[in-house]
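Okay, thanks for making time, everyone. Let me put the structure up and then I'll talk you through it.

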Amino acid sequence: MRPSEGAIPLLQARALRLERGAAVPVNGVDLTLPGGGVTALMGPNGAGKSMLLHLLHGLIPPTDGHVLWRGRPLDRLGRRAQAMVFQSPVLLRRSVAANVDFALRSRGVRDAGLRDGLLERVGLAGLGRRPARALSGGEAQRLALARALAVAPDLLLLDEATGRLDPASVAMIEAVLIAERAQGTTILMVTHDVAQARRLADSIVVMDAGRIVGDGPARRFLDAGPRAVPPPETGMRRR
Amino acid sequence: MGDLSAAFALALDLVLSGDPALWEVVALSLRVSLTATALACLFGIPIGAALAVGRFPGRGAVLVLVNACMGLPPVVVGLLVYLHLSRAGPLGFLGLLYTPTAMIAAQCILIAPIVIALSRQVLEDLHAEYDAQFRSLGLGRAAVVWALIVDGRHALATVALAGFGRAVAEVGAVMIVGGNIDHLTRVMTTAIALETSRGELALALALGVVLMALALGVNAAAQGARLAGARHAAV
C-alpha cells in the first residue's frame, strides 16, 4: 500500500476542508492512496466519510485544500478514471441492460457481450430486460456496481454500498470487489462493518469529526481490539 | 336542454354520416395543431432541458420571461405573426398569410413557452435526482440533456399534451393569420365561432362536441401510452 520511492500516488488529498455553513464535515484531511488494494474508510456516523468520498471524486468542490490525481489537480479526465457506487443507487428509468449500456456508452463503448458479462459478474444475468427500478435493493446495488465497473475505473469508490443489503447480496458484491482488487483496481470503501473490513481491506483509515484520527494496515489495526478508533493523540501515523 | 340535445344529435349524425365538410375541418385542425405541437416540442424540450441543466447569469430572468409567456394572449400572438407575414411585413415575401403554415407558426409560438417552461420543471426535478450519478460518470452537458429527455419521456408526453390542448382549443391567433377561409384555413374553433355568429348554435355546439371528443381521445391515447411505458420502465 505504500508507494515505491519516487512513484506518483494514484490519489492524494492535501489539507482538504469542507465547510457547510457553521459545520465543517471535512477538516484538514491529508490522505494518500498509492494505488492498488482495498482501503476501508471507517468511523462513526457524521464523521465526514461520505463527504470525503464526494470530495475525492470531485463531486463537490472543497472549501480549501485540493485533490491530486496521479500528481495533478483532479479534473474531468481524472474523475472519468474513477467510479462511485452510492449508498442509495440512482438507476435510470430504463431496463437493467440499458443502465449498463448507458455507462459503457459514456466511454464510447457499444458492446452487448461486455454488458452481459458485467451483469453476469454481479449475478444479474438474465435480468437484462427487466425495468431497473423494479429490482430489489440488493439487485439494484449490484446493478449500480456493474455500471461502475463498466467504465473500467482505476479507482472505485463505494459509499456504504452494502450497508442495507442482505448477506447474499453482500457476499456477491464482496466477491466482485475481491476480483477487481486482483485485477489492480484501487478500492476505497466506506463501511461500518468491521467484519467486512477484515475480509476485504488491506488498509484502514478512521475518521472522526471531519479528521483522520488513525490509519494503518488492516490486520494490525483490526487486531488492536474492539476500540478500533483510536483517539487522535495515540500517535497513529498520519499522512 | 333542447339546444344541447339537438347539438348532440346533430354531432352524432355528422360524425356517423362521415360528413366530408366536417372531416375536412377536423383533419385540418389536427394537422395544424399536431404540427405546431411537434415543432414546439422539437425546439422547446431541448431548450427546457438546457435551462434545467444550465447555470448562467440571467437564468432567473429567462425563467421569469418564459413563465410569463405561458400566458401569451392568442390574439396578440396572431397579430404579431400577421404583422410579420403581411405583404408589408419582413416575411411578407413568403406569401404565407392566410395559409395553414401561418396558423402552424402562430400556434407554435403560442405553445412553445408552455413546452419550455413545463419541460424545464419536469427535467430539473429529474436532474436533481440524477446529478451526482451523471457527474460521477463524467458526462458532458449534451449527454446529460439527452439522457434527461430520454428518461423524462413519459412526463414530457404529458407536457406535449398540454401544448396540444392549448393549440387545438385556440381560436384568436388562427382566426387572424388564417382568415377562416372555407376549404383552406377553417378549423374547428374558427368554424364554431363562425356558426355562432351566424346563429347556427346547434351546428356550433355539434362542432364543440366533436372538438371535445377529439381532445378526449388524444388524451386518452396518450395516457394509455404513458401508462404502458411507465409499466415498462417501472417509474
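This is a predicted model: local features need pLDDT of at least 70, side-chain atom pairs count only at pLDDT 80 or more; totals for chains, interfaces and linings use all residues.

H1 of chain A covers residues 49-56, and six of its eight residues are buried, so the helix is largely enclosed by the rest of the structure. Which ones are the buried residues of H1(A)? They are Lys49(A), Leu52(A), Leu53(A), His54(A), Leu55(A) and Leu56(A).

One more glycine in chain A: Gly214(A) sits in strand E10, residues 211-217. Gly214(A) counts as buried, with a relative accessibility of 0%. If you go from Gly214(A) to Ala103(A), you cover 111 residues in sequence and 35 Å in space, C-alpha to C-alpha.

Now over to chain B. We have 10 helices here and zero strands. Its C-alpha atoms fill a box of roughly 65 × 50 × 25 Å along the principal axes. Of the 235 residues in chain B, 44% are buried. And if you take the contacts in chain B with a separation of 6 or more, 74% of them come from residues 24 or more positions apart.

How confident is the predictor? For chain B the average pLDDT is 90, and 96% of the residues score at least 70. Confidence is lowest in H1 of chain B, residues 2-16, with a mean of 76, and highest in H5(B), at 96. For the complex, the ipTM is 0.86 and the pTM is 0.83.

Is each partner buried or exposed? Arg59(B) counts as buried at 13% relative accessibility, while Glu124(B) is partly exposed at 21%.

Glu124(B) also has a salt bridge with Arg120(B), at 3.3 Å. Those two are four residues apart in H5 of chain B, which means about one helical turn separates them. As a reminder, an α-helix has 3.6 residues a turn, so residues three or four places apart point the same way. Arg120(B) is buried, at 9%.

Further along, Asp131(B) and Arg135(B) form a salt bridge too, with the closest N and O atoms 3.2 Å apart. Here as well the spacing is four residues in H5 of chain B, about one helical turn. Asp131(B) is partly exposed at 23%, and so is Arg135(B), at 30%.

Okay, the interface. On the chain B side, 21 residues are in contact with 25 residues of chain A. The two chains bury about 1900 Å² between them, and carbon and sulfur atoms give 53% of that. Gln133(B), Ser136(B) and Leu137(B) supply 30% of what chain B buries against chain A, more than any other three residues.

What about charges? There are three salt bridges between chain B and chain A. One I'd like you to look at is Arg93(A) with Glu129(B), at 3.1 Å between the closest N and O atoms. Arg93(A), Arg133(A) and Glu129(B) are linked in a salt-bridge network. There are also 14 residue pairs in polar contact across the interface. On the side of chain B that touches chain A, H5(B) gives the most, with nine residues. By type, that side divides into 11 nonpolar, five polar and five charged residues.

That's my tour, happy to take questions.

Note on methods:
Residues are numbered from 1 along each chain as its sequence is written. Chains are lettered from A and ligands numbered from 1 in the order in which they are written. Side-chain values use heavy atoms; hydrogens and water are left out. Contact means heavy atoms within 4.5 Å. Buried area is the accessible area (1.4 Å probe) that two parts lose on being put together, summed over both. A salt bridge is a side-chain nitrogen of Lys or Arg within 4 Å of a carboxyl oxygen of Asp or Glu. A polar contact is a pair of N or O atoms within 3.5 Å; within protein, one must be able to donate a hydrogen and the other to accept it, and residues adjacent in sequence count only if both atoms are side-chain atoms. Ala, Val, Leu, Ile, Met, Phe, Trp, Tyr, Cys and Pro count as nonpolar, Asp, Glu, Lys and Arg as charged, and the others, Gly among them, as polar. pLDDT is the predictor's confidence in each residue, from 0 to 100. Buried means under 20% relative accessible area, exposed over 50%, partly exposed in between (1.4 Å probe, protein chains only).
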